[in-house]
Amino acid sequence: MKSDIQIAQEADLMPIHQVAAKYGIAQDDLELYGKYKAKLSDDLIQKTQSNPNGKLILVTAINPTPAGEGKTTTSIGLAQAFDKLGKSCLLALREPSLGPCFGIKGGAAGGGYAQVVPMEDLNLHFTGDFHAITSANNLLAALLDNHIQQGNALQIDTRQILWKRCMDMNDRALRNIVVGLGAKADGFVREDHFVITVATEIMAILCLAADMADLKERLGNIIVAYNYDGEPVTAKQLQAVGAMAALLKDAIKPNLIQTLEHTGAIVHGGPFANIAHGCNSVRATKAALKIADYVITEAGFGADLGAEKFFDIKCRKAGLKPDAVVLVATVRALKYNGGVPKDQLSAENLDALKKGICNLEKHIENLQKFGIPIVVTLNSFLTDTQAEYEWIREFCEQRGCEFALSKVWENGGEGGIALAEKVLKTLAQKPSAFHPLYPDELSLKDKIQTIAAEIYGADGVAYTPAAEKMLAKLTAQGFGNLPICMAKTQYSLSDDQHKLGRPTGFTVQIRDVYVSAGAGFVVALAGSIMTMPGLSKSPAAYGIDVDDNGKITGLF
């Protein structure tokens, strides 16, 4: 059996200007990054503004398990299937972080015969967007420390500095550090921290900004610290906005690549869904909606994280109205939720399936709360049985959901036609009545309580004294109308990664809260979630290499 990278490297890629031409995009509207990658010009985005919007389809999933779900693979295969059915369809996906690529999770290019290519480029440096975001973030950190060193005219309280440095790599040793050691000229000694690039506010801002003017306004609103009077100090006050925007001037432009079957894929931005809002950029999604009749996008991890934030943050902020949602699961993952060990998932086990399907059931119920019609799909494995398929199909149809098998990993677009037909049927027969989970005017505490109770199934929420104090402070400062971005483990509906299935009788623990004023949301940290991941005992980096001819191996 061929690996993902073998399949990708053997693919016959189409020059990107030819892919673009399928969608009426002229070569002059592309900024080429070699033969197979390009950025969409600002002129193209402006020219297409008067076009009608296509249909927006979100792909999400149950909580991730070691058994695998295949959300991105399903998204790509579904788009290829739409193409095979003669539909004008574009993908709108996130860029992968280097941290997971060299860590444990893997890349974000799909798998098997449902991949976006060139996959090595995408999973590594791509067009440099993440490097630009990292540089802009760390420029602000350098300007902040320099301001303090040069006399601290803004009276910044060094005990209340919020802004953290970043890098796009898993490095637990940088979570908590001390800077400014050495001579007086080396800066003010203080505790500092690193987060992974995809968890930064700059990443969120890039993904939520409408254009350069909006980007600059958001950058200026970033709160980097508080002064001795307890008042916020912003990036605008540090005179950092212009230089940061200059670093991001190309990164704000969406990237165009292709699938293995030459369907267009706009891949742009990449915030994690467990510690950030987990969606590709608003610019990419809106551009795709103006160019194609159908746009397929995805949001990170399970629907309790990525989909909730897609609806309550991205759609709320950007005025998007999704038309349908595809919920991805696997027989293996459902049996894992039913208590079957990872090495025994291949055997038919209807009892475990019936026990573990409660996780899928909860995600169906959650998505229905947003008023959007649902299609459930199973990412097919060779070890699945017909009896398992039939039981799940009946379970889903009894809950008002269309159901289809997805065989895109093995068969590409052809393996997604049954799913595509069910999605098209849903779009035609079940109109969306989308609405967010909660109104803007609800208090921050009530928003957190609503998400915890309605989406996670929690009995209540408990706050540390520090979180209580910060919620009161942010409300007093006028941030109470912002949506909530919950930072929580992706592995469970609860804030405890070991609670599988559909946990009950638990309380969500909020240990800290802070505002991302530029992005426009308040982050609540639940449980033990980290904003700088670490590497495993045997990281994926051990298996990655490049030969004398420059051919990469081991990249999935």
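Reader: Where is G339 found?

Author: G339 sits in the loop between α13 (331-337) and α14 (350-356). Helices here are DSSP runs of H or I with at least four residues, strands are runs of E with at least two, and both are numbered from the N terminus. This is a predicted model, so local features need pLDDT of at least 70 and side-chain atom pairs count only at pLDDT 80 or more, while totals for chains, interfaces and linings use all residues. Residues are numbered from 1 along each chain as its sequence is written, and side-chain values use heavy atoms, with hydrogens and water left out.

Reader: Is G339 buried or exposed?

Author: G339 counts as exposed because its relative accessibility is 56%. The cut-offs are under 20% relative accessible area for buried and over 50% for exposed, with partly exposed in between (1.4 Å probe, protein chains only).

Reader: How many residues apart in sequence are G339 and G501, and how far in space?

Author: G339 and G501 are 162 residues apart in sequence, and their C-alpha atoms are 8.7 Å apart.

Reader: Different topic. What covers β15?

Author: Strand β15 has 5 of its 5 residues buried. On one side these are Y294, I296 and E298, and on the other V295 and T297. In a regular strand the side chains alternate between the two faces of the sheet.

Reader: Which strands pair with β15 in the parallel sense?

Author: One is β3, which pairs with β15 in the parallel sense over 5 bridges. Another is β4 (residues 89-93), parallel to β15 over 4 bridges. Pairing means that DSSP finds at least two bridges between the strands. K55 stands opposite Y294 in β15, and A92 has T297 of β15 as its bridge partner.

Reader: What is S75 in contact with?

Author: S75 lies in helix α4 and is buried, since its relative accessible area is 0%. Leaving aside neighbours within four places in sequence, S75 is in contact with V59, L91, L93, I296, T297 and E298. Contact means heavy atoms within 4.5 Å.

Reader: And α18, which elements do its buried residues pack against?

Author: They pack against β3 (55-61), α4 (71-84), β15 (294-298), β16 (324-329), β17 (374-379) and β18 (402-406). The buried residues of α18 are I417, L419, A420, V423, L424, T426 and L427.

Reader: Why does the span of α18 agree with its 13 residues?

Author: At 1.5 Å a residue, the 13 residues of α18 (residues 417-429) should span 18 Å, and the end C-alpha atoms are 18 Å apart. The expected span is 1.5 Å times one less than the number of residues.

Reader: Now the open sheet of 3 strands. What is the order?

Author: The order is β7-β11-β12, with antiparallel pairing. Its edge strands are β7 (156-161) and β12 (232-234), each of which pairs on one side only. The twist averages 50° from one strand to the next. Angles run from 0 to 180 degrees between N-to-C directions, with axes fitted as lines to C-alpha atoms, for helices over the stretch in contact.

Reader: Which helix lies across β7 and β11?

Author: That is α7 (residues 129-149), running at about 130° to β7. Also, β11 (residues 223-227) is joined to β12 by 3 bridges, and the bridge partner of Y226 in β12 is P232.

Reader: How do β21 and β22 pair?

Author: β21 and β22 are antiparallel over 6 bridges, with V523 in β22 as the bridge partner of Y514. In their hairpin, which has 4 residues between the strands, G520 takes a positive phi near 95°.
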